[in-house]
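Please open the structure in a viewer and keep the selection tool at hand.

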Amino acid sequence: MRRRRKSFFLLAVVLAAALACATKKSSQNADIDLVGMDKSVAPGDDFNGYTNGGWTKSTPIPADKSGYGIDAILTDETRKRTLSLIEDAAKGNTPASEDARRIGDFYASFMDEAAVESKGIEPLRGQLAAFTAITDRRALARAIGGQLRADVDALNNTNFETGNLFGIWVTQGLEDPSHTYPYLLQGGLGMPDRDYYLSSSSHMAQLRKQYLAHIESMFRLSGFTDPPGRAARVFALETAMAQVHATRVESEDVHSAVSWNRADLPTRAPGLDWPALLEAAGLNDVPVVIVWHPKAVTGLAALFAKEPLDVWKDWLAFHRIERAANYLPKAFVDEHFGFYGKALSGIPELRPRWQRGIDFTNLALGDAVGKMYVERYFPAETRVKAQAMVGDLIKAFAKRIDSLSWMSPETKVKAKEKLDTLKVGVGYPDHWRDYSGLEIVRGDALGNSLRAELFEYRHQLSKVHQPVDRGEWWMTPQTVNAVNLPLQNALNFPAAIIQSPYFDASADAAHNYGSMGAVIGHEISHSFDDQGSQFDAEGRLANWWTKADFDHFRAAGQALAAQFDTYRPFPDLAVNGQQTLSENIADVAGLVAAYDAYRLSLQGKPDAVKDGFTGDERFFISFGQSWRSKERDPELRRQIATDGHAPEQYRADTVRNLDAWYDAFSIQPSQKLFLAPDKRVRVW
Ligand SMILES: [Zn+2]
């Protein structure tokens, strides 16, 4: 993925984190932003400061956002466009299509605050009463299984967070790309990661207090007796879960995943009534489950047997209410935001309801909204030009493989084969999802959301019994991001990232290659990062490297991890070079490929000087500006603890690994970002 993933808890709060401030350049051609630079900073000391310092100093983070930058600005724009689509769809007595009606009704139901207030927590009563009525562990396992959803993603969007006991992800088998399997991931926590429960840092200790108070408030708001006692027990149970959870770095190890026969689960992970859980989860007809976190799954199953039934029932009720909070009355929304927005990410204010409404509509009916979005906002011409640019980048990457001095001819053949079979999706998928089985009822905001979640889960499970679709998309077209899919050997570049300032068909080549070119190069390079390189041309987890080549590659990766370990945004917290290694390799390799493609596009002629900058300078400045972003401190800490991406400010400094950057800006050995030639990481 190009950009950091938003926490699923925050999806409501941040995903679109909008502001009524459009990019100041939206009406012009994209080019480098001279005003946003700070020329008093030497590029060799702080490249992010040099390219973005003016903007950083003059731009406050809006009160309803955890951070702000180029993607937040584009997401705001995209959301406004989506609102106008939804409003147009709702006009007239007869919507253009059944999907247009669903979209209009989903959004309108969420916006009907009066109806939401008057219903209170009633829509959840039946579910909560069913939990209260549980008297044995078989019924408990059934209830837990019934809550499971397709809400995690181990390799594409790398999302390891779920408040359900387990997360489900459905995709090709690691060693069997021609069949689809359900993957089982660890879950159960209400805070983002085990670190939040176990770390001794004072920041985490403070958050634990706030989380405990938050659980208590949710019980109180929902009318439960003894809120403090229930909260303490739920918190203790989650702390015990955190102790058996894998770390974020361990979650990145594809080799820890194991295939277990469904029938073997009770002996592999004893303590849990697996048949009851799997049946309720709709998984009783799958022969094999791929367990991503075998130790954690075993640990959670043991906790299931050991911890008192009543504690589990409270934990179930709390998470059920938490997951519904955004569709409940204002008191719940505010309490939920108070912890997940304010405490966890440092956001002062909840953003306007309409913006949340758009994001939830996107979650429920993403493809239907996306289809309308691209029809209006993604011209066929832009798609053709972006496809051509992807072709340029693939060619540049292939040339690099040819010219690598350290790689053996055998490994090169395999690498080229993988590149040749890469399936690239630009703008939107070839096939749209069919929502005809999804019932959206006007006036039933929470019910709509629950039905949409279940509909999505059933769709995901149905893939197990169908032929594999390598053209499947994992992001909606209206998402400002891009993604590499290792098991499909495929890429998705959504329409919403193929726009200014990333890409503008009429802009300078140096700008387009430094910005969108590096985005494309980044995603291609994921096929060859420390994780992606372990999958072959068919998406199979298989070693196609000679030992000597892989050792060389791994050593280069370790040098890059060490480079990022030195970045320290807080005195008590450094970037984790290992946790962010895949993304950092993709940044270095993607930038190199984009630079090569830029030079190739000039066909040997020198680029003109513009605004006082050479073409190479503009290329690198555009790259730096594509990372334009600032975050509130709690959000930055959350990102460092849970995300595979390093903070943007350091990603802009990726340039220090390219010789061409040293030449372009006459970087001197005395400057802070200077690396001796043998210390520059050359992965590809
Ligand atoms: Zn990435």
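**A guided tour**

Begin with the open sheet of three strands, whose order is E6-E8-E7 and whose pairing is mixed. Helices (H or I, at least four residues) and strands (E, at least two) are DSSP runs, numbered from the N terminus, and two strands pair if DSSP finds at least two bridges between them. Select strand E6 (423-427) and strand E7 (483-485), the edge strands, each of which pairs on one side only. From one strand to the next, the twist averages 15°; axes are lines fitted to C-alpha atoms, for helices over the stretch in contact, and angles run from 0 to 180 degrees between N-to-C directions.

This model is predicted: local features need pLDDT of at least 70, side-chain atom pairs count only at pLDDT 80 or more, and totals for chains, interfaces and linings use all residues. Residues are numbered from 1 along each chain as its sequence is written, and side-chain values use heavy atoms, with hydrogens and water left out.

Next, select strand E8 (residues 490-494), which runs antiparallel to E7 and is joined to E7 by three bridges. Here leucine 485 stands opposite alanine 490 in E8. H18 lies across E6 and E8, at about 145° to E6.

E2 and strand E3 (residues 180-186) run antiparallel, joined by seven bridges; threonine 171 stands opposite tyrosine 181 in E3.

Which helices each supply at least two residues of the lining of the second largest pocket? They are helix H18 (380-403), helix H22 (547-565), helix H23 (581-601) and helix H27 (659-665). H22 gives the most, with five residues.

Finally, colour the model by pLDDT, the predictor's confidence in each residue, from 0 to 100. The protein chain has a mean pLDDT of 94, and 96% of its residues reach 70 or more. Over residues 6-28, however, the pLDDT is below 50, and this stretch has 78 contacts in the model beyond near neighbours in sequence.

Conventions:
Contact means heavy atoms within 4.5 Å.
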